[in-house]
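Please look at the sequence and the structure below. The paragraphs that follow lead through them step by step.

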Amino acid sequence: MSALLLRDLKLAVRAGGGFGLGLAFFLIVTVLVPFGVGPDSGLLARIAPGILWVGALLACLLSLDRIFQLDWEDGSLELLATAPIPMEGVVLMKALAHWLSSALPLVLAAPVLGVLLNLPTAGYGWLMLSLALGTPALSMIGTFGAALTVGLKRGGLLLSLLVLPLYVPTLIFGTEAARRGAEGLANATPLLMLAGITAGVTALLPFAAAAVIRVNLR
Amino acid sequence: MSIWEYANPRRFMGWSAPLVPLFSALAALLIALGLVWGFFFTPEDYRMGSTVKIIYIHVPSAMMAINIWVMMLVASLIWLVRRHHVSALAAKAAAPIGVVMTLIALITGAIWGQPMWGTWWAWDPRLTSFLILFLFYLGYMALWAAIEDPDTAADLTGMLCLVGSVFAVLSRYAVNFWNQGLHQGATLSLDAEENISDVFWLPLLVCMAGFGVLFAALVLLRTRTEIRLRRLHVLEARDRTGRKGSGEG
């Protein structure tokens, strides 16, 4: 399993595209927002946690269709299906590789972009914490969506339509935790809910995604 | 004889044929009765005036929008466990009806909300969860439309329906947490102390029954169409292979 993880990470970094692209997209979205809503620093400070969360979510979405697509096209997914590790493990490793290569850079970059949006000082830690807790759920849900659309020719748009509604609870609890933290309010409840979503999704969705992959390979 | 024998496509076509016109007539009767009763023979609410009468469309459609998703969930489960094709086709047939019901509930709600709340739309938990439900229906239908092989499509949409149901419930509670409501609470519960008055409740009940029967009629009709469509594809495929075979011979 660790070999698979290493292979996917190497592919993500070396094949170009996905790795830096997500970060650049995150940066551009963040830069565009002040143009859209005006440069008023008070307003920006208030919406900063939400903007950063939505930006990170969309940047995560960008690289989802690459999770299974290349393996599907060159047939390695079928080899993986006959490999001694169960499909659930493959799916879990794919999600982990996606998180490490696409989501983790976003978590690390978020505070830097927070400066651009005049995020209150108290908010930096909470923003990173909420993103670190929530993005694994985004990767896992996205892996399920990618598994659903792997056999389709142009699945990218459909993938976003399927995955975005599933992202709603994660986004709500994530932004709520970051926003309350930035405003100095108690935010233990949304943080716990966020962690709960991530834990539940990581425990259950690999089974659903593996079942879907098996259907697609049939 | 087990109940599952009714799921055999041939038997399904047999028993559902007389039910479609029966249910359609019953639905038309009930909805006409409920709407006429509700619109013309109930008093106007002392605060909301005549705008209250939109509940005879709004509440039944909202109720059906949720119930249809539950029906799709049950049908998907039956397909995934027992592989009855009629079940998968019924889930497929129900989705467009559900999306229309959701849309009716959203639009009638907006029409009512404009004079009453002073806004067409508010990010209220109930309104928001209905919008999310609408998106779930769209995604579900888009996935059906995108996959060519019918069995693969049935499997994948079934899984999506299962996972989506969990997330729909989760979203319902998440948006509750996210914003306080403008929408009134439940007034139709059997155990609540304060409920809607019987004067409004009885025609509403008739309308709800009418919408339920209407859905039954539509879903049977649409499932029959899907089965015929499937048979047509089989015939076409057989025709094509037959011609090829004779050409070679």
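One aromatic cluster is made up of Trp69(B), Phe136(B), Tyr137(B) and Tyr140(B). Rings of Phe, Tyr and Trp (its six-membered ring) count as a pair if their centres lie within 6.5 Å; planes under 30 degrees apart are stacked, over 60 edge-to-face, and the rest tilted. This is a predicted model, in which local features need pLDDT of at least 70 and side-chain atom pairs count only at pLDDT 80 or more, while totals for chains, interfaces and linings use all residues. Residues are numbered from 1 along each chain as its sequence is written, chains are lettered from A and ligands numbered from 1 in the order in which they are written, and side-chain values use heavy atoms, with hydrogens and water left out.

Over all chains, the structure holds seven aromatic pairs. One of them joins Phe39(B) and Tyr56(B) edge-to-face, at 6.4 Å centre to centre and with 80° between the planes. Phe39(B) lies in helix α1 (residues 9-40) of chain B and Tyr56(B) in helix α2 (residues 55-82) of chain B, so the pair ties together parts that are 17 residues apart in sequence. Helices here are DSSP runs (H or I, at least four residues), as are strands (E, at least two), numbered from the N terminus. Tyr56(B) is buried at 0% relative accessibility, and Phe39(B) is partly exposed at 31%. Buried means under 20% relative accessible area, exposed over 50%, and partly exposed in between (1.4 Å probe, protein chains only).

Trp112(B) and Trp117(B) also form an edge-to-face pair, with 5.5 Å from centre to centre and 85° between the planes. Trp112(B) counts as buried at 12% relative accessibility, whereas Trp117(B) is partly exposed at 24%.

Chain B as a whole has six helices and zero strands. Of its 249 residues, 42% are buried.

Charged side chains come next. In chain A, Arg214(A) and Glu88(A) form a salt bridge whose closest N and O atoms are 3.2 Å apart. The pair links distant parts of the chain, with Arg214(A) in helix α10 and Glu88(A) in helix α6 (residues 87-116), 126 residues apart. Arg214(A) is partly exposed, at 43% relative accessible area, and Glu88(A) is buried at 19%.

Glu176(A) and Arg180(A) meet in a salt bridge at 3.4 Å, N to O. Because these two residues are four apart in helix α9 (residues 168-182) of chain A, about one helical turn separates them. In chain B, Lys92(B) and Glu226(B) form a salt bridge at 3.3 Å, N to O. This pair also links distant parts of its chain: Lys92(B) is in helix α3 (residues 85-117) and Glu226(B) in helix α6 (residues 198-248), 134 residues apart.

The last stop is a nonpolar patch on the surface, formed by Leu27(A), Ile28(A), Val31(A), Leu32(A), Phe35(A) and Leu116(A), with about 590 Å² of accessible area together. Patches are made of residues with over 30% relative accessible area and no salt bridge; like charges are joined within 9 Å, and nonpolar side chains (Val, Leu, Ile, Met, Phe, Trp, Tyr) within 5 Å. Helix α2 (residues 18-37) of chain A gives the most to this patch, with five residues.

Definitions and conventions
Areas by Shrake-Rupley, 256 points an atom, 1.4 Å probe, with all protein chains shown as cover. Salt bridge = Lys/Arg side-chain N within 4 Å of Asp/Glu carboxyl O.
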